[in-house]
Amino acid sequence: MGRSGRVTLSDVAKASGVSRATVSFVLNDDPRQTISAATRERVMEAAQDLGYVPHGIARALREGSSRIVVLNVDWGMEGNFSRSYVRGLDEELAEHDHILLVRHGHSIPEATQKVLDTIAPRAVLRLGEAYMRGHVPAEDWENGFAANAALQIGHLADHGHTRIAMALPDHDFPLTEARLGFAQEAARRRALPPLERFVVPRPRAAGAAAVEAFLVAHAGVTALAAFDDDIALRSLTALRDLGLRVPEDVAVIGFDETEHGSLSTPALTTIHIDAEVLGRIAAREALGIDTGGLAPVAGRVVVRASV
């Protein structure tokens, strides 16, 4: 190995009995060179046996960018959707010899730019950016974010609830308006009255006070559709603290299933979203690869006891 302790092209060349240039041609799959299949196999085996890793900076200089794709995930978007999306994105990028870097939360633009200047990424993505910009394709109502919102409202409607309220977080998140808009449209399509909306804040006592005040002012509401599972669990706790029964007095449904919902009493009915395929599609689009054969997976209702 070289003095840095890293396996070099020279090490691979020595192990495979060919020149350093030949190793470079093989590992970079240079189409301009004619190299026999036997030699290619010998070089690849040597590289694998030695654990050779291409020098990313040198390759970035040669290719004009690194083989890193950056994904920015805003606060408030940590759920099964983001986890499965990241898993699909990461696995698909790895299959095409790229690396995923995930950045969580809001960042100072100057700091973000320093990161981007340093690593020269192949692409920079933002989770949910299309929805934040209001770009909602028609098919989204079939198997996308809008369809999942419709599942949530539809499940309550199927159980006889006509006066439904959206329980929202006490801080604005990037997808708040999109979620609320989809839910209102889903209610309209079901010929339901417009959804009421209110905030369930932290801490526990404040949440209970907010739920109590809302229900006093909106006595006809019989179901709460929560922004996500976290807000749903806050709502469940508040209702129990107020001495109300779930679902007999007020039904509650979550969104973007987390494991915590199954541990509550009553267990939380929610919407499960698997975005792994969306992550794979995003990876291929970032790399300019055909996305044929990949289609989003429809969400589903996780039926438990809170509705």
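Me: How do strand 6 and strand 7 pair, and over how many bridges?
Reply: Strand 6, residues 223-226, pairs with strand 7 in the parallel sense over three bridges. Strands are DSSP runs of E with at least two residues, helices are runs of H or I with at least four, both numbered from the N terminus. Two strands pair if DSSP finds at least two bridges between them. This is a predicted model: local features need pLDDT of at least 70, side-chain atom pairs count only at pLDDT 80 or more, and totals for chains, interfaces and linings use all residues. Residues are numbered from 1 along each chain as its sequence is written, and side-chain values use heavy atoms, without hydrogens and water.
Me: What stands opposite Ala-223?
Reply: Ala-251, in strand 7.
Me: And what is the strand order in the sheet?
Reply: The order is 5-4-6-7, in an open sheet of four parallel strands. Strand 5 (196-199) and strand 7 (251-253) are at the edges with a single partner strand each, so one side of each has no neighbour in the sheet.
Me: Which strands does helix 10 touch?
Reply: Helix 10 (residues 176-189) packs on the sheet and touches strand 4 (164-168), strand 5 and strand 6. Contact means heavy atoms within 4.5 Å.
Me: New topic. Is helix 9 largely enclosed or exposed?
Reply: Largely enclosed, because eleven of its 14 residues are buried. Buried means under 20% relative accessible area, exposed over 50%, and partly exposed in between, with a 1.4 Å probe and protein chains only. Among the buried ones are Phe-145, Gln-152 and His-155.
Me: What follows helix 9?
Reply: Gly-160, with a positive phi near 90°.

Conventions: Axes are lines fitted to C-alpha atoms, for helices over the stretch in contact, and angles run from 0 to 180 degrees between N-to-C directions.
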